[in-house]
Amino acid sequence: MSETAMTRATERKQGFMRSLDPAVLTAFGCIVLLLVLGSFYSRSFLSPEYLLQQLKVASFLGIIATGMMLVILLGQIDLSVPWTVATGAMMACAAAAYGPLGTTLAIPFGILCGIGIGLFNGVGVAYLRIPSMIVTLATNAVAQGVMVVYTGGFSPQDSATAAMRYLATGALIPGIPNVVFIWALIGAAMVFLLRRTGFGRAVYGIGNRERAAYLSGINTRRIVMTAFAASGGLSAFGGVLLAGYASKAAQSMGDAYLLPAIAAVVLGGTSILGGRGSYLGTVAGVILITLLQSILSVTQMPEAGRQIIYGVVIILMLLLYGRAPASR
Amino acid sequence: MKDWEYRLAEHRGTLTALAIFVVMFIIYTANHPAGFTANVIQTAANKGVLLAFVAMAQTMVVITAGIDLSVGMIFLLTNCLASWLVVGSPLETAFGVLVVLAVGALCGATNGAIVIYGRLQPIVATIATGAVYFGIALLLRPFPGGSVNEHLADALTGRIFAVVPASLVALAAVVLLIWVPFSRSVYGRAAYAAGSSETSAYMSGMPIRRGKLLAYTLSGLVAALGGLFLTFFTYTGDAAFASGNAYTLFSIAAVVLGGVSLFGGKGSAIGAVFGALAFRTIGDLLFVFDLDPLWQPLFQGLILLAAISLGALALFRVRNRLEWFL
């Protein structure tokens, strides 16, 4: 092996090491730790069936957290996740009631509704310059209002289409659930988007300093708007899949996804202030949160204890690697 | 700029919130079948005061450029605690009230310590502490129940001289005894300064850490007052996740309506109190117009959206596009 090839190999190795954030490593370390701790409780924690089942459950959160990560990378936040999820699910189920055409278009229609909510958020944040926390809070309230009026305050009677059920519960290749595939596809697309396209660089740039990104000729407003639309679409898609999983939509189905999605992204080492973070970290965060929830429920811990442990673990892990630099 | 012009500009947010509230309340009472009577006001006050306390607690954190997503859970936790402790003889009741307030302050101080000394971002730190507080509330009250000293409860939710709602008086007392001294003290100034620009405040030697810690602690204390009043109204403790979440989100809405900047350093808890009262009145408007209660969430959302869109009017004052980015 020639001298130059050697140095290039070491350089590449260093580059690879550098891309491994300590936060991502810690998150993966915590996953292993959780699995080991779980296996003391029961051997079945290390069985492939259990792990696949967890991966399947994690996929729903993973899809929603993907959108959330895009928004957090911009230094914004999307609090409209709960009712975007529910809107996507309910609208897809509602479309299914309108004959064969409705059944075919159910999934795109649900996602389109989510993109609509996201676009609204994006216009408010990017063009009207309203803080994202407020806009998304308000659109969440409006989406909730529209859905409550639409359903009459009850869970809608329409049920999910066969296609939705197949995507959420079926398995194209025996043993590997479809929804895991979907998450992998979306994840791969996200990695490509963030690392290989101008859009991705612009997202990191805006997250670091929007003013500088604007001055270097990036159309920052369009990018912010697009990111919010993508987040809305992904949340709604998560909702569509959840509706397929439960074979119907429910009033508060999205409530359990807002805080875990934020926690997963942040635990994966993405800075809540934006501009820093990798998708691998988000994957780790999602799996970590899902495993934590699963282990706490398997050990038959009462809900109260689960909430306390959940909160304490998040705080401790953030104290390990999520701290801001000290004031100078 | 003349002195009064400066003062007007400084209090513009608070005055706008007051104006919105007055207009809404006039529309409300004018259309209420019973009209402007002591009873109507008492009911409205009792509903509004709870959110007003929580919004005031939220303001204290927001002026330091933070956000407290656990405020609704502190409110629930203290409600559940009060349903155990605020009972029995006057002495026991007084002791119970003190313990409840101390626990609220401790929750707030914990948030503050994690944010200030742990250097975590307030938004994620309080999500996590909120889960912990909700868990403790659930431990205290797995099922709704408990009781409260009914003499005290009736006294504080009734009317003074058969006219003035006692809860409003209590709210005013809290504003005068907690908010006004705090916002005028050195630590209060430091909290504002830290919210405006932490680096500048640090460089000027202001006690920003103690100021912020005090702000978080008082925030917990005021949220606990809200929890106490919730117990006085309902006579029970109930760890309802949805209710705690709703109070957290509504408190942010009230703070925004009250002219407090979410970027920190600007606004007043008095504005947030009027924002909270206005927000509650908006919700009640539907009932006097005899609309289907199903429309209430949509109506509240649209009003909230309209209110925040007013903030976008500031865009017309922007001379240089770089000002978009703060």
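**View 1. The helices of chain A.** Look for 14 helices and 0 strands; helices are DSSP runs of H or I with at least four residues, strands are E runs of at least two, and both are numbered from the N terminus.

**View 2. Helix H2 meets helix H14 in chain A.** H2 (residues 22-41) and H14 (residues 303-321) pack at an angle of about 145 degrees, with axes 10 Å apart. Axes are lines fitted to C-alpha atoms over the stretch in contact, and angles run from 0 to 180 degrees between N-to-C directions.

**View 3. The residues where H2(A) touches H14(A).** Pro22(A), Ala23(A), Thr26(A) and Cys30(A) come from H2(A), while Met317(A), Leu320(A) and Tyr321(A) come from H14(A). Contact here means C-beta atoms, placed from the backbone, within 7 Å. The contact has 6 nonpolar, 1 polar and no charged residues; Ala, Val, Leu, Ile, Met, Phe, Trp, Tyr, Cys and Pro count as nonpolar, Asp, Glu, Lys and Arg as charged, and the others, Gly among them, as polar.

**Reading the labels.** Residues are numbered from 1 along each chain as its sequence is written, and chains are lettered from A and ligands numbered from 1 in the order written. In this predicted model, local features need pLDDT of at least 70, side-chain atom pairs count only at pLDDT 80 or more, and totals for chains, interfaces and linings use all residues.

Conventions: Two residues are in contact if their C-beta atoms, placed from the backbone, lie within 7 Å.
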